[in-house]
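Please look over the chain below before reading on. The report then walks through its parts one at a time.

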Amino acid sequence: MQTRTLVAAVVVLGMLAAGVFALRETLIPHEHAEADDGHGHAHAVGFSAGEPGNPRSPSRTIEVAMIERPDGRMAFEPSYIEVRRGEQVLFKTRNRGVVAHEMVVATLAENLAHAEEMKRNPDMEHIDPNSIRLVAGHEGEILWRFTRAGDFDFSCLISGHREAGMFGKIVVR
Ligand SMILES: [Cu+2]
């Protein structure tokens with residue numbers, strides 16, 4: 001009788017343990033299969049529109065304003081910029097609107113791809129040297145050297161902002 005009780009107890013304990021294990025499996029989320037670097041994209045292979053500038057080298061200052069119009073459109077002013085190949089530019093960027101904006105300097109293809117990514121992941125922020133994110137009323141800088149000739153893009157990649165007009169063109173000759 002005692003042995004039977006012991007066996008029964010062991011069986012019950014075993015079932016409990018299995019139950020707890022099964023429960024644990026359902027409660028603890030499985031790790032995501034995809035690695036995430038914190039903001040959803042990596043730049044291991046470098047930048048598409050040149051390279052981060054050197055603060056000790058001379059640079060041309062270009063002031064860029066982020067603006068919102070009464071009709072809901074958004075824009076950069078200026079939205080067309082020409083630079084010489086090899087030139088280093090200090091973008092002094094000011095957010096004159098009432099919502100946050102960013103400025104990301106890259107190829108058009110890269111910015112369009114990033115804009116799509118931002119729609120899926122609206123909290124993604126760009127903290128790379130080719131970009132700046134500014135809350136309303138704030139000013140910031142991007143120091144950038146344009147090492148390749150061609151047409152490049154600067155955009156605000158916050159969801160919906162590029163479609164609202166927040167992009168510009170940089171021509172490097
Ligand atoms: Cu914006």
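What follows is a short tour of the model, from its confidence to its sheets and its core.

## The model and its confidence

This is a predicted model, in which local features need pLDDT of at least 70 and side-chain atom pairs count only at pLDDT 80 or more, while totals for chains, interfaces and linings use all residues. Residues are numbered from 1 along each chain as its sequence is written.

The pLDDT is the predictor's confidence in each residue, from 0 to 100. Its mean over the protein chain is 82. Of the residues, 73% reach 70 or more. Over residues 19-40 the pLDDT is below 50. Beyond near neighbours in sequence, that stretch has 8 contacts in the model. Two residues are in contact if their C-beta atoms, placed from the backbone, lie within 7 Å.

## Overall layout

The protein chain holds 2 helices and 10 strands. Both kinds of element are DSSP runs, numbered from the N terminus: helices are H or I with at least four residues, strands are E with at least two. Along the sequence the pattern is α-β-β-β-β-β-β-α-β-β-β-β.

The protein chain has 173 residues, and 26% of them count as buried. A residue is buried if 20 or more other C-beta atoms lie within 10 Å of its own, exposed if 12 or fewer, and partly exposed in between; these C-beta atoms are placed from the backbone. Now take the contacts between residues at least 6 apart in sequence. Of these, 81% join residues at least 24 apart.

Strands of a sheet pair through backbone hydrogen bonds, either parallel or antiparallel. Here two strands count as paired if DSSP finds at least two bridges between them.

Strand β1 (residues 51-52) runs antiparallel to β8 (residues 139-145), joined by 2 bridges. Glu51 stands opposite Arg145 in β8. Pro52 has Trp144 as its bridge partner there. Strand β5 (residues 88-95) also pairs with β8 in the antiparallel sense, over 7 bridges. Strand β2 (residues 60-68) runs parallel to β5, with 7 bridges between them. Val64 stands opposite Thr93 in β5.

## The sheet from β4 to β7

Another open sheet has 5 strands in the order β4-β10-β9-β6-β7, and its pairing is mixed. The edge strands are β4 (80-83) and β7 (131-134), each pairing on one side only. Neighbouring strands of this sheet are turned by 15 degrees against each other on average, direction ignored. Such angles run from 0 to 180 degrees between N-to-C directions, with axes fitted as lines to C-alpha atoms, for helices over the stretch in contact.

Strand β9 (residues 150-155) and β10 (residues 167-172) are antiparallel and share 6 bridges. Ser155 stands opposite Phe167 in β10.

## The nonpolar core

A nonpolar core is a set of buried Ala, Val, Leu, Ile, Met, Phe, Trp, Tyr and Cys residues joined through C-beta atoms within 7 Å. The largest one has 27 residues. Met103, Val105, Phe154 and Cys156 have the most contacts inside it. The elements giving two or more residues to this core are β3 (74-77), β5, β6 (101-106), α2 (108-120), β8, β9 and β10. The largest share, 4 residues, comes from β6.

## Two loop positions

Where does Cys156 lie? Cys156 sits in the loop between β9 and β10. Is Cys156 buried or exposed? Cys156 is buried, because 31 other C-beta atoms lie within 10 Å. Leaving aside neighbours within four places in sequence, Cys156 is in contact with Met66, Met74, His101, Glu102, Met103, His161, Arg162 and Met166. Cys156 and Gly168 are 12 residues apart in sequence. In space, they are 9.4 Å apart, C-alpha to C-alpha.

Pro78 is placed in the loop between β3 and β4. A cis peptide bond joins Glu77 and Pro78, with omega about 0 degrees.
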